[in-house]
Amino acid sequence: MTDQTIRVVIPLAVRKKNGRPKILPPADHLAVEARLQDAHVLRAIARAWNWRRRLERGEASTIADIAAAERVADRFVSRMMRLAYLSPDVLEKLLIHRMPPALSLNDLIAVAELPWAEQMEVVFAISQPAAPEGLTTPQPDFTETG
């Protein structure tokens with residue numbers, strides 16, 4: 001090397017994903033892709049809302065009509081349509097803020113059956129904030145006396 005040479009080192013790893021090489025960033029780097037929403041989740045929510053609108057407009061009269069038009073099973077359509085009934089707060093985080101859920105698509109479908117107030121905590125694995133250091137929450141005493 002000479003005084004005019006600049007050496008750039010980029011610590012990347014190459015791994016195979018689905019049979020194709022994928023370049024991975026260093027472990028301490030927050031990848032942009034890790035913060036992005038999974039395309040399957042977005043596509044599933046879009047399909048669910050499309051099917052819901054078709055039913056509401058009268059373009060399809062039953063789930064079986066949608067299933068026949070889409071060439072899928074009616075059970076699949078009815079399961080996926082649950083995504084159209086996620087809480088507005090969850091949908092905003094998923095679609096607008098592109099926050100990835102902390103669970104799989106199948107689990108997300110099951111969450112749609114929960115009350116809206118409980119969905120956010122389950123979908124994004126939000127836990128209760130910890131007490132500041134030095135403060136403790138009193139725990140109930142379950143020991144028997146007497």
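1. R98 is partly exposed, with a relative accessible area of 40%. (Buried is under 20% relative accessible area, exposed is over 50%, and partly exposed is in between, using a 1.4 Å probe and protein chains only.) R98 sits in the loop between α5 (88–96) and α6 (105–111). Its phi is near 55°, a positive value in a residue other than glycine. Most residues other than glycine have a negative phi. Check the backbone of R98 with that in view.

2. This is a predicted model: local features need pLDDT of at least 70, side-chain atom pairs count only at pLDDT 80 or more, and totals for chains, interfaces and linings use all residues. Residues are numbered from 1 along each chain as its sequence is written, and side-chain values use heavy atoms, with hydrogens and water left out.

3. R71 also has a positive phi, near 60°, and is a residue other than glycine. R71 lies in the loop between α3 (63–70) and α4. R71 counts as exposed, at 77% relative accessibility.

4. Now the confidence. The protein chain averages a pLDDT of 80, and 74% of the residues score at least 70. (pLDDT is the predictor's confidence in each residue, from 0 to 100.) Over residues 128–132 the pLDDT is below 50, and this stretch has 2 contacts in the model beyond near neighbours in sequence. (A contact means heavy atoms within 4.5 Å.) Residues 134–140 also stay under 50, with 1 contact beyond four places in sequence. Where pLDDT is low, the predicted coordinates should not be read in detail.

5. The overall layout comes next. The protein chain has 7 helices and 2 strands. (Both are DSSP runs numbered from the N terminus: helices are H or I with at least four residues, strands are E with at least two.) Along the sequence the pattern is β-β-α-α-α-α-α-α-α. Of the 146 residues, 23% count as buried. Among contacts between residues at least 6 apart in sequence, 52% join residues at least 24 apart.

6. The accessible surface of the protein chain comes to about 11,400 Å². Carbon and sulfur atoms account for 54% of that surface. (Areas come from the Shrake-Rupley method with a 1.4 Å probe; for residues, only the protein chains shown count as cover.)

7. Which residues make the nonpolar surface patch of about 310 Å²? They are L12, V14 and I23. (Patches take residues with over 30% relative accessible area and no salt bridge; like charges are joined within 9 Å, and nonpolar side chains, namely Val, Leu, Ile, Met, Phe, Trp and Tyr, within 5 Å.) V14 belongs to strand β1 (residues 13–17). At 58% relative accessibility, V14 counts as exposed.

8. The count of salt bridges is 5. (A salt bridge is a side-chain nitrogen of Lys or Arg within 4 Å of a carboxyl oxygen of Asp or Glu.) One of them joins E70 and R47, at 3.7 Å from N to O. E70 lies in helix α3 and R47 in helix α2, so this pair ties together parts that are 23 residues apart in sequence. Both ends count as partly exposed: E70 at 28% relative accessibility, R47 at 29%.

9. E70 also forms a salt bridge with R54, the closest N and O atoms being 3.2 Å apart. R54 lies in helix α2 and E70 in helix α3, so the pair ties together parts that are 16 residues apart in sequence. R54 is buried, with a relative accessible area of 15%. Through shared partners, salt bridges join R47, R54 and E70 into one network.

10. A further salt bridge stays within one helix. E56 pairs with R52, with the closest N and O atoms 2.9 Å apart. Both lie in helix α2, 4 residues apart, about one turn of the helix. E56 is exposed, with a relative accessible area of 54%, whereas R52 is buried at 18%.

11. How many aromatic pairs are there? The count is 1. (Rings of Phe, Tyr and Trp, the last by its six-membered ring, pair if their centres lie within 6.5 Å; planes under 30 degrees apart are stacked, over 60 edge-to-face, and the rest tilted.) The rings of W51 and F76 have centres 6.3 Å apart and planes at 75°, so the pair is edge-to-face. W51 lies in helix α2 (residues 39–57) and F76 in helix α4 (residues 74–80), so the pair ties together parts that are 25 residues apart in sequence. W51 counts as buried at 1% relative accessibility, while F76 counts as partly exposed at 29%.
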